[in-house]
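This report describes a protein model, with attention to strand pairing, aromatic contacts and the nonpolar core. The sequence and structure are shown first.

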Amino acid sequence: MRLGQRSAGTSKPGSALLQLPLFPPPADRGLARCTVSTRWRDRWQRGTRCFDISLTCGDSEDPPADIAIELKAIFSDKQFLRNSCLSGEWGEEQSSLPYFPFIPDQPFRVEILCEHPRFRIFVDGHQLFDFYHRIEKLSAIDTIKINGDLQITKLG
């Protein structure tokens, strides 16, 4: 499944489990950290499919807002994908991982650190991968969208 596609059981396209503005935008803070603390809603065996976290440049649907980074965890395939979408065009998907960091029915914390020239992604305090910026104007990133099979316990 490519990033940007929605699977059965997740929110409808265009609707998010959670959609919030980021203040101030990452570039205005120098180094910025976005933290999502959560746990899977259901046990893996009972149908948990995936979740995605996107940092976007607004929330427009027509034309669609640029997505600076979309992270998508697919539990059944043990994948944690990342991509971006600029001017309606998806970039090359990245999928390599040292390990799949999520354990069924266990809480976890995902941190997205925005620095020059990349996002650094941490899960439970361990750096998992870097994603180099494809968007030119970091100050345009102003919204976080979270979809999928999650129970959010903290957002900071």
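Two strands are taken to pair if DSSP finds at least two bridges between them. In this predicted model, E8 and E9 run antiparallel and are joined by 6 bridges. Across this pairing, phenylalanine 119 stands opposite phenylalanine 131 in E9. The two strands, E8 and E9, form a hairpin with 2 residues between them. In the turn, aspartate 124 has a positive phi of about 55°.

**Confidence**

The protein has a mean pLDDT of 76, and 69% of its residues reach 70 or more. Among its elements, the highest mean pLDDT (97) belongs to strand E5 (residues 79–86), and the lowest (57) to strand E2 (residues 32–40). The pLDDT is below 50 over residues 27–31, a stretch with 9 contacts in the model beyond near neighbours in sequence. Over residues 40–45 the pLDDT is also below 50, and that stretch has 21 contacts in the model beyond near neighbours in sequence. Where pLDDT is low, the predicted coordinates should not be read in detail.

The structure holds 9 aromatic pairs. Two of them are set out below.

| Ring pair | Distance between centres | Angle between planes | Geometry |
|---|---|---|---|
| Phenylalanine 80 and phenylalanine 102 | 5.2 Å | 80° | edge-to-face |
| Phenylalanine 100 and phenylalanine 102 | 5.3 Å | 75° | edge-to-face |

Why is the pair of phenylalanine 80 and phenylalanine 102 classed as edge-to-face? The planes of these two rings stand at 80°, and planes over 60 degrees apart count as edge-to-face. The pair links distant parts of the chain, with its members 22 residues apart. Phenylalanine 80 lies in strand E5, whereas phenylalanine 102 lies in the loop between strand E6 (89–90) and strand E7 (108–115).

Phenylalanine 80 counts as buried because its relative accessibility is 0%. Phenylalanine 102 is likewise buried, with a relative accessible area of 4%. Phenylalanine 100, at 17% relative accessibility, also counts as buried, since the cut-off is under 20%.

At phenylalanine 129, arginine 82 lies over the face of the ring, at 3.8 Å from the ring centre.

**Nonpolar core**

Which residues touch the most other members of the largest nonpolar core? Of its 28 residues, they are Phe51, Phe80, Phe102 and Phe119. At least two residues of this core come from each of strand E3 (50–56), strand E4 (67–74), E7, strand E8 (118–123), strand E9 (126–132) and strand E10 (143–148). In soluble globular proteins, nonpolar side chains tend to be buried together.

Threonine 56 has its place in strand E3. With a relative accessible area of 2%, threonine 56 is buried. Leaving aside residues up to four places away in sequence, threonine 56 touches Asp66, Ile67, Ala68, Ala140, Ile141, Asp142, Thr143 and Lys145.

Glutamine 151 is found in strand E11 (residues 150–155). Is glutamine 151 buried or partly exposed? Its relative accessibility is 43%, so glutamine 151 counts as partly exposed. The C-alpha atoms of glutamine 151 and proline 107 are separated by 9.3 Å, while the two residues are 44 residues apart along the chain.

Terms used:
Residues are numbered from 1 along each chain as its sequence is written. Side-chain values use heavy atoms; hydrogens and water are left out. pLDDT is the predictor's confidence in each residue, from 0 to 100. Helices (H or I, at least four residues) and strands (E, at least two) are DSSP runs, numbered from the N terminus. Contact means heavy atoms within 4.5 Å. Rings of Phe, Tyr and Trp (its six-membered ring) pair if their centres lie within 6.5 Å; planes under 30 degrees apart count as stacked, over 60 as edge-to-face and the rest as tilted. Buried means under 20% relative accessible area, exposed over 50%, partly exposed in between (1.4 Å probe, protein chains only). A charge sits over a ring if NZ of Lys or CZ of Arg is within 6 Å of the ring centre and within 35 degrees of the ring normal. A nonpolar core is a set of buried Ala, Val, Leu, Ile, Met, Phe, Trp, Tyr and Cys residues joined through side-chain atoms within 4.5 Å.
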